[in-house]
Amino acid sequence: MRIPLGRAHLLASTLIREARAQYDELELSSKLATQKEQLNSLIGREVGYEFEVTDAPAFTSIETDLVAARRTALEHRPELQQARLSVEQATLARRLKKSEYIPDVSAGFTYLTPRNFPSVIPKEFANVGVVVSWEFFDWGRKKHQLAELDHTIAQAKNGQKETADQVLVEVGDKLRKLQLTAQALRVAKLAEDSAKENLRVSTGQYKFQAVMLSDVLKSQASLAEATNEYQKALLTYWTARAELEKALGEDK
């Protein structure tokens, strides 16, 4: 049985489209699997942990207050807490060193009652004394030590400010990325819905022989690609959300 040249060409084109669609689906699935592994690593799970990505709560732009987000990060990020402790420790060390300028003052009281002594010996003795200890000449040692501690405090405060600035920049960056991925997710969802509708229409038209089978297969390939793109955008959204929570110091 000989197949007409035009029909053979159509069949070959259809097979090529199917093979290309299968390749595209495999490529997108591979990228999706890699993103899932990256998300598992980000939130501290086993890399190979299997999970399904659920839809985002709402396909709207993220209106998180940047000021509030930065305030939360400044309160919860562990490196900032460590920086504050470093400043407090350096300040306390200076206060202790400064206290060495204060003289050590001690007071004592002694009361004694002798027994079995002649009457010419007083029967009671009382003594009150005050002792003051102070290193008057230290040849500038204390002053030099205080200067070193002042420098340590300044370094600790500078480190605290640098860390805080880095946190503020990171939170702003992660929040903007989350907003961008939320909008990209909305676009991908609309594209998937449109591809589903196109497939429904072309399938209905094919039943009435209004379109060719190649058009239906093309719609199926477009839907498969749109669905994979949506899944990829959804995973990117949740990854960006996890990164923001980590930047806020709220990751679990």
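**Labels and their grounds**

Modeller: Lys-174 is found in helix α4, and please keep in mind throughout that this is a predicted model.

Biologist: Why is Lys-174 called buried?

Modeller: Buried means under 20% relative accessible area, and because Lys-174 has a relative accessibility of 16%, it counts as buried. Leaving aside neighbours within four places in sequence, Lys-174 is in contact with Glu-243, Leu-244 and Ala-247.

Biologist: What makes α4 roughly antiparallel to α5?

Modeller: The axes of α4 and α5 cross at roughly 160 degrees, and they come within 7 Å. Angles over 145 degrees count as roughly antiparallel, so α4 is given that description relative to α5. As for handedness, α4 passes α5 in a left-handed crossing.

Biologist: Which residues of helix α2 are buried, and how do you know that they line one face of the helix?

Modeller: In α2, which spans residues 66-76, the buried residues are Ala-69, Thr-72 and Ala-73. Viewed down the axis of α2, these buried residues fall within an arc of 100 degrees, and therefore they line one face of the helix. In general, an α-helix has 3.6 residues a turn, so residues three or four places apart point the same way. The buried residues of α2 pack against α3 (78-98), α4 (141-207) and α5 (213-248).

Biologist: What makes Asp-65 a cap for the N-terminal end of α2?

Modeller: A side-chain oxygen of Asp-65 lies 3.1 Å from the backbone nitrogen of Val-67, and the cut-off for a polar contact between N or O atoms is within 3.5 Å; on that basis Asp-65 caps the N-terminal end of α2.

Technical notes: Residues are numbered from 1 along each chain as its sequence is written. This is a predicted model: local features need pLDDT of at least 70, side-chain atom pairs count only at pLDDT 80 or more; totals for chains, interfaces and linings use all residues. Side-chain values use heavy atoms; hydrogens and water are left out. Buried means under 20% relative accessible area, exposed over 50%, partly exposed in between (1.4 Å probe, protein chains only). Helices (H or I, at least four residues) and strands (E, at least two) are DSSP runs, numbered from the N terminus. The arc is that of the directions from the helix axis to the C-beta atoms. Contact means heavy atoms within 4.5 Å. A polar contact is a pair of N or O atoms within 3.5 Å; within protein, one must be able to donate a hydrogen and the other to accept it, and residues adjacent in sequence count only if both atoms are side-chain atoms. Axes are lines fitted to C-alpha atoms, for helices over the stretch in contact, and angles run from 0 to 180 degrees between N-to-C directions. Angles under 35 degrees count as roughly parallel, over 145 as roughly antiparallel, 65 to 115 as roughly perpendicular and the rest as oblique. A crossing is left-handed if the near helix is turned anticlockwise from the far one by less than a right angle, and right-handed if clockwise.
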